[in-house]
Amino acid sequence: MPYRNSLQIMADVLSHASEYGQSGANKSNLIQKANLSHSRLNGFLKNLIGSGLINSIIYENHQTYVLTPKGINFLHEYKKFVELSGAFGLEL
């Protein structure tokens, strides 16, 4: 697996969280899907929550993470940017 920068990792976390919709993804799901350690994921989640891109919701004693509308918009714009940069032969 190629190295990813922080922006790519944040996009991966958001993308995988979006797969779970409004029911939300738990940390185990995100650790496995985004291929991150627990401590590294915690740092990214703190940043994403602070930026308003993802919400932490506690439901029936389980903490889940759900994308906000701002997070959905960010992910959409990020994907467009990746496609555009690829069209010009640029690697992120």
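View 1. At a relative accessibility of 25%, Asp12 counts as partly exposed (between buried, under 20% relative accessible area, and exposed, over 50%, with a 1.4 Å probe and protein chains only). Arg4 is partly exposed as well, with a relative accessible area of 22%. The two side chains, of Arg4 and Asp12, meet in a salt bridge at 2.6 Å, N to O; the term denotes a side-chain nitrogen of Lys or Arg within 4 Å of a carboxyl oxygen of Asp or Glu. The model shown is predicted: local features need pLDDT of at least 70, side-chain atom pairs count only at pLDDT 80 or more, and totals for chains, interfaces and linings use all residues. Residues are numbered from 1 along each chain as its sequence is written, and side-chain values use heavy atoms, with hydrogens and water left out.

**View 2. The salt bridge between Glu19 and Lys33.** The side chains of Glu19 and Lys33 meet at 3.6 Å, N to O. Glu19 lies in the loop between helix 1 (6-18) and helix 2 (27-34), and Lys33 in helix 2, so the pair ties together parts that are 14 residues apart in sequence. Helices are DSSP runs (H or I, at least four residues), numbered from the N terminus. Glu19 is partly exposed at 48% relative accessibility, and Lys33 is partly exposed at 43%.

**View 3. The salt bridge between Glu77 and Lys80.** The closest N and O atoms of this pair are 3.5 Å apart. Glu77 and Lys80 are 3 residues apart in helix 4 (residues 69-87), and are therefore separated by about one helical turn. Relative accessibility is 37% for Glu77, which counts as partly exposed, and 43% for Lys80, also partly exposed. A search of the whole structure finds 3 salt bridges.

Note on methods: Helices (H or I, at least four residues) and strands (E, at least two) are DSSP runs, numbered from the N terminus.
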